[in-house]
Amino acid sequence: MTHLLSHLASVALAASPPAEGAARAAAPVLGRVVEGPWTAVLIPGLPLLAAVLVALCAAGRVRSKLPAWITVGCLAGAFAAAVQTYLAVVHQPGLAQGVRVLEWIHLSWGEKPGQSFAADFGLYLDSLTMLWMLFVTGLATLIALYASEYMAHDLGAGYNRFYFAFALFVFSMSCLVMGDNLILLYLGWEGVGLCSYLLIGYFYKKPSAVAAAKKAFIMNRIGDLGLALGIMLTFVQFGSVRYAEIFEAAAPYLTLAGEGRIGEIPLLIQLIPVLFTVGAFGKSAQLPLYVWLPDAMEGPTPVSALIHAATMVTAGVYLVARFLPLYQCSTWALPIVAWTGAGTALLAATIGMAQFDIKRIMAYSTVSQLGYMFAGLGVLTSAGAAYHVFTHAFFKATLFLGCGAVMHGFAGQLDLRKLSGVAFMKGWGIVGLAMLVGCLNLAGFPFTAGFFSKDMILAEAFASPTYQALGWVLLFTAGLTAYYTFRVFFRVFIGPKFYEPGDELHAHDDHGHGHGGAHGHGDGHGHAPAKAKATADAAHDFHPHAPGWAINVVMVLLTVGSILAAYPYLISWVPGLIDASSARVIEVAHGGEHAHGTFFGYDPHAVMYYVSAIVGAVGIIFAFVLHFVGRTGAATAKADALLPVFGPLARWAQNKWYVDEFYNFLVRVPLLVISHVLHLADKLLVDGLVDLAGFMPQAAGRGLRRQQTGALNGYAFGMVLGVGVIAAIGAVLLW
Amino acid sequence: MIGGTLVTLLAQGPIPADMGGVTLAHYLVVSAVMFVLGLVGFMVRRNLIIMFLCTELMFQAAGIALIAFSRFHMNHTGQTFVIFVLTVAAAEAAMALALVVLLFRRKETLDGAAWRELKG
Amino acid sequence: MPTLLADTDVGSYLPILLLITMAIVFAIANLAASNLIGPRRTGHVKGMTYESGMNPVGTARKRFNVRFYLIAMVFLVFDIEIIFLYPWAVTFPNIDHAVADGAVWLGRILFFLLTTVVAYVYGYRKGVFRFD
Amino acid sequence: MIEKIGALWPEIILFAAACIVMVVGLSPTAAVRRLCAPLAGAALIVAGIVAWFTTPAAHGPLPMLPLFGKTLVAGVGVLLALLLAGTPDREYESAIARGATGYDPIRANRAEFWAFFLFSLTGAMLCAGADDLIWLFLALELTSLPTYIMVAVSTGRNRSMEAAVKYFFLGALGAAVFLYGFTLLYGGTGTTRLFAPAGEPSIASILAAQAAGPGINAVAMTGLVLSFLGVCFKIAAVPMHFYTPDVYQGASSAVAGFLAFVPKAAGFFTILILAGAAGWWGSSPVDAGGSLPQPLHQIVLIVAILTMSVGNALAVVQSSAKRMLAYSSIAHSGYMLVGVVAGPGPANAPYTSNGVAAVLFYLLSYGVMNLGAFAVLASLERRRADGSADEADDVNDLKGLCATRPLLGWTLVLSVVGLLGLPPLLGFWAKLPLFTSAISSNEIGLVIVLGLNSAVAAYYYLRLASVALLESPELTNDTVRSSPFPARAVAGLASAVGIVLLAAWPLNQWAMQGGRYQRVEPLKAAEGTPPARVDAGAPAAR
C-alpha cells in the first residue's frame, strides 16, 4: 500500500505543473489562431437545434417523451462533435484554433486602431475549451437521459418547458466556453443565468421556488455588473474583445510579470482581472455572493446536478483560467481569488455539516468544492483547479442524481433523520453503490479522483511560501468534508432500514408515486408533529418507488465515470491540456533562489497524499462513530442523543448545533439586510431616478402643451416667431 | 413707405444700366415688405378668406422678387418660375375656396378661431 | 457689369437679410406689445360688422348654390391654362425651325392641353356641368 | 429636355393611373368604384418595379438618391394603399348599399381620394429625382396639396374639417416661406438648376465656387435657410410643427399614417437635395468629412435638437395614442436631422459614418414601423352611442390588446418597441448609424441629446406597449371592436414582419448606395458660361 502510494506520488510529481520535466506540454502560443474543424460548430449548434425542436413540440402541445429523446439525441451528437473537435485540437498542441460561424457585430467609427468594435459569432478552440466542453456535453447527455424518467410526472407543457430550457442552457454554456470574444462569452454568461433562473423557478407555483429563482438572478446580476465593467475596461485598454487580440496585446505585460516587474504594469490593466473576479464569484457562488446556490436547489434535481453542480457554476473557474495571463499581470487578483476561495470552502463546509436536507448538504459541498477550485487557481495550480473541476463534475453529478433518486422514490423526502438503510432496500442497490463511490470521491478517499485533484491544490498551497496558512485552512476543510459527506452516507444509505415518505404523498394518494419536484422544507425543521403523524399514517400503504432503467443506467455510467476520472491523472492528461492553453502558469523569476514552501520540512508534493489521506480517514471515522456505530433502527434524532456516550466528541457534536444556528443567522440576516438594502436602493435610487427622468420631460411637456392652443392664429404666430428667431440666429452667425 | 436713406443703403450694389434708376434693391424691398405684410396679416386676421389672401400675398411677393432677379440675371428662369408659382397659387385658391365653403356650411362662420376642438 | 451676384461683394446684400429680420422682429414685437399693453374692449359697437356705424343690410346667412363655387373652381383651371399658353404662343412663331423641332414644340403644348381634357372629363363625370 | 422624361417613367405611370382612377371611381356601379384601391396598389407595384430598373444615376452630389427615393416611396406606398382601404366614403357607400340613397357623383369622394393618394406619392417621387428648383417646388406642392383634401374627407366629422383647415392654412404659410427661400436662392446664384453635369453652372457648383472663394453669398444663404425652415413644415420639425398633433388626431388613423410618411419623405428628400447643393464643405476636421456651410449647419443643429426634445416632451404627456404618435413623429424628424448635420462623411466613408445613408435608412425604417402602429389604430373602432363607429384613439382603448386581439396587439408592441429602437428590431439598426455618424463627425453634444431623447421616448413608447401587453382589458371594452377592413390588419402584419425581418436584410447596403456622396466641383470662372444662355430652355423671346 505505502509503496503504491509513493509510486503514485512520484508519477504525480512528474506530472504536476510546477515540476519541470518531459511531461510538460508544449507552451501555448497565445494570440495566434489557426483554422479549426467545422465540426466544432455542431457543439453549440445541436443544442440550439434541440431547443428549437422542443419549442416546436411545445407549440404543438406534445404530451410524450419526445422532447427528451430529441434533447438526448442532439446532446449526444454534440458530445460526439466535442470528441471529434478535441482530437483535432490536441493534434496541434499549444495552438488555439478558430472557427468563424457568422459575422455578428461590426462597428467602426474611424480608421485608427481602437476605433472599431468587432465581435463575431466565432469559436476559440484550445485544450481548455475542449476540456470544458467534453464534460459539459457528456454530462448534459447523461443527465438529460436521467431527467427523461425523473420529470415524467410532468409530461406535457412542463416537460417541454424543462427540456427547452435545458437545451438552451447547453447552447448558452457552449457559447460561454467556446466563444472567441468577450461579448459572446457575456451572451453565454447571461444565457446560462437566464436558463438557471427559468429552471430554478420551474415549479413556479411554489413561492419558495420563485423566491429562489429571483435571488439567484439578483445575486448573479451583481456579479455580472463586475464582468460587464471588466469587459468594457478590457476593450478600452486593449482595443478589442477578441481573446487572440487581447492575449497578443497583453503579451508585453505578461513578460513584465514574468521578469518580476509587476509593479510597472499600469493600474487599470491590473484592475481588469479584479473586475472579472467579481463576475466569477457571482456565477460560481463564492463569498459573499454564494447564498443563491443552496436556495437554487428548489429546481428539479437534474438541474441541480447539471447546472448548479457540474457545469454552470464552474463558469467562473473557466473565466479565471481563460484569463490567467491577465491574472498573472495583477498584484491583487490572485490573492483575492485564493483567499476568497479558501474562506468559502471552510464556511460552506461548516454549514454543510449542520444541515439535515441531504440535497442542501450537497449544495453546500458544491460551494465548498468551488472554493477549492478558486483557491487552486489563486495558488497558481490552474491544472489542479481544472482537474478538480473535471473530477467534481462527475462525482457531484453522481451524488446529486443519487439524492434525486431518493427524493423521487420517497415522495420528496430528503431529511436524513427520516431515512435509513436505503441502499439495502429492494431495487436501490445501484443507487447506494453510486452514492458510496461519490461520497468516497468527495471525501478524498485514497485512489479516488477527488483525492488526487484535491491533493494537487493542497500540495501547491503548501508549496507556496505565502500560502501556508491557506493550505491549513484547506486541509482542515478536507477533514470536515469527509465528515459531512459520510454523515449523509452512513445515515441515509446504510444502517437499519427505515423510511418516512415525504410530504408530497397527499398529492398522489392514488398510488405511492412520489415525485421529485417540490421538496420544500429548508433544513428539516419544517414538520409539525401533527403533520408528521398524519404523514406516518399515510405511509402505511406507501411503497418506495425504486428507480427505473434510465436512472439506473445513468447512475452506473456516472459512477464508472467518477472512478475512471482518477485514471487521466496518471497520464497527466488534464495538466497537459491546461498547460497547452492560455491557463498555463508562467514562470516568475525570483531574482536568485526559488523560494519554496515546505510541510514540516518535507516537500509538500511528496507528503501531501499521506496527510490528506489521513485527514480524510479521520473525517470518515468521525462520521462512522457518530452516525453509524450504535445507531439502532430509528434514524431520527436518536443518533444525536447517543452522542454523549462517545465521550470526548460530545462537545464537538453540540457545537454542531451551535454552528448550524450561527450560520443560519449569518446567512439569513445579511440576506435580509441585503435584500432590504437592495429594496431600499431600488425604491429610493432607481425609482427616484426613473421618476426624476420621467418628471423632467413631463414638466417640459406640460409647459409646451400650453402653446398647443388649437387656435390657427396661435400656431401661425408660433411658426413665424420660430422662423424669425432662427433666421435672426442665422443672421447673427453670418455677421 | 420706407425712408429714402434705407433705399440708398440697400442700393449700394451695382446697378444694371437698363434697370434705369430703379435698382434690384427697390424690387426686393417691395417684395420683402409684401412678404412680411402677408405674414403679419396671416397672424393677426382670423377670417379664413383674409388669411388665405395673406398667403397669396406672400406668394406674389416671391413672384416679384423672382421677376426682379430674372431681370437682374438676364435670364428667363425666374419668369418661368413665376408662371408655375401662379399655377400653384391658383390650385391653392381653388382648394381654399372649397374648404372655406365646406367649413362655412358646418359652422356658419368664417372665423378661424371657431375651429379649436383639437388641442394640447 | 457682373451678371452673377456671386461676383459681387458678399456683404453687399446682407442688408436685405437684415431688413427681413428687422421686419419680422418688428411685426412680432408690435403684436406682443399690443397684446400685452393694449386695451381690450368688448361691447355692442365693437362686435358690429362695420365699426364705422354702417348697418349691414339683410342677412349674411344667405346661401348660394354650391354650383357657383364649382364654376368658380373650374374657371380657375382654364384661367391658369391661359398663362401657360401665352408664353408658348409668343415663343412658337419665333423659333428657328432649322434648330428646334417645331413638331416637338407643338406636341408639348398638346400634351399640356390633354391634361386639361382629363380635368374636363373628370368634371363632366362629377356632374359639374349639369345645371338642373 | 426629352431625355429627362426617360427618368420619369414611374411618375408617369402613377400619374396615368391617377387619371384612370379619377374617372373609374366616379362610376355609378359600386363594383367598378371598388376597383380604385386595387388599381392604385397595382400601379404602385408596377411603378416601384419600373423605378428599380429604369431610374438612372443623377448628376450632382447624391447620384443614387432618385433610385432609392422612388423605390422606397413606391414600396411603402403599397402598404399605405392597404392601410387606407375603406377610408373614403365609408358611410356614404354603406348608405347606398342599404338603399337609403342613390349614387350621386357630386357627393362621392372615393375617386378623388385615391387619385390624390397617387398624386401625392407621385410628388414624393418627383422630389427624390428633382434637379431644378422649379421642379422641386412643384413636386413639393404636388405632394402636399392632395393631402389637405385627403385629411378633409377622411372622416365625416368636424374634427377632420378642423384638421384640414389647420393643415391647409399652415401648409400654405410653410409653402410661402420655402418659396421665398427658393426665390432668394435663385437670386443669389442666378440659376434654378440644382445639379448639372460637371463644368456647367448649377446652384451646387456655383455655391461650391462661392464657398471656395469669398464665402457663400448672403442672399443665397438666406435662401437656403428660409428653404430649410419652410420644408421643416413637411417634416414636422420645430418651429413648423404646431399643426402635427391636431392634424393627425383629426384625420382618420389611416390618413394620419399616410401623413406621417409621405410628406416627411418628400421633405427629407428636399432637405438632402438642398444640403447636397450647399455641400458639406464646412471646416470641421478633415477626417470627419466637413459640415454644412456655417450658419446653415448651426441652424439645422438647433432645429434638430429642438425638434426631438419638443416632440418627446410633448409626447410624454399625451393620453391620445394618435397625438402621442404625432409628437413622436416630430421627434423622429429630429433624429433624422442628426444625420443631415453629420453629413456623408469623408470620401468612401463606411456606412456607419455616412449620415445621409443613415437618414435614408431611418426613413425606410420609420415608414415601416410607423405604419404598423397606425395600422393597429386604424383597425380598431370605438362604437359610439348612436351606433356609428369612431376610430380608437385613447391609449386606454388599447388595454389588453395582446390578450383580446393577439395579432393587432403584438403588431403594436413590435411597432412601438421598434420605434423606440430596442435591439434587435429594425429601429435599433436604424438609429445606430445616426449615432455613429454623428460621433464620427464630432457632434458629441448632439449625440448626447439624441441619447437622452431616446431615453425619454422609452417612457411613452413602453407605456403604449405595456398597456397593450400587461394591462387587462377594460370591462366595458366591448365597445372596442375590429374595423371591417382586414386589409388594414394585413398592412400592420406586413410591417410587423418587416420590423423583425428587415433588420436581418442587407437593406442598409441599399441605403448606403442611396446615400453615396460625391463632391461637386466648384464652377470655374473660365468655363462659367453666363446662366442666361445655359438656363433658358427656350430660344430668346425677342
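So, the contact between chains D and B: 35 residues come from chain D and 35 from chain B, where contact means C-beta atoms, placed from the backbone, within 7 Å. Keep in mind this is a predicted model, where local features need pLDDT of at least 70 and side-chain atom pairs count only at pLDDT 80 or more, while totals for chains, interfaces and linings use all residues. Residues are numbered from 1 along each chain as its sequence is written, and chains are lettered from A and ligands numbered from 1, in the order in which they are written.

On the chain D side, which helices touch chain B? At least two residues each come from α8 (133–154), α9 (158–189), α12 (243–250) and α23 (531–535) of chain D. The largest share, 17 residues, belongs to α9(D). Helices here are DSSP runs of H or I, at least four residues, and strands are E runs of at least two, numbered from the N terminus. By class, that side of chain D has 22 nonpolar, 8 polar and 5 charged residues, with Ala, Val, Leu, Ile, Met, Phe, Trp, Tyr, Cys and Pro as nonpolar, Asp, Glu, Lys and Arg as charged, and the others, Gly among them, as polar.

Okay, next the sheet in chain D. It's open, with 3 strands in the order β2-β1-β3 and antiparallel pairing; pairing takes at least two DSSP bridges between two strands. β2 (389–391) and β3 (480–482) of chain D are the edges, each pairing on one side only. Strand β1 (residues 380–383) of chain D is joined to β3(D) by 3 bridges, and D:E381 has D:R481 in β3(D) as its bridge partner.

Last, chain A: 27 helices and 5 strands.

Definitions and conventions
Two residues are in contact if their C-beta atoms, placed from the backbone, lie within 7 Å.
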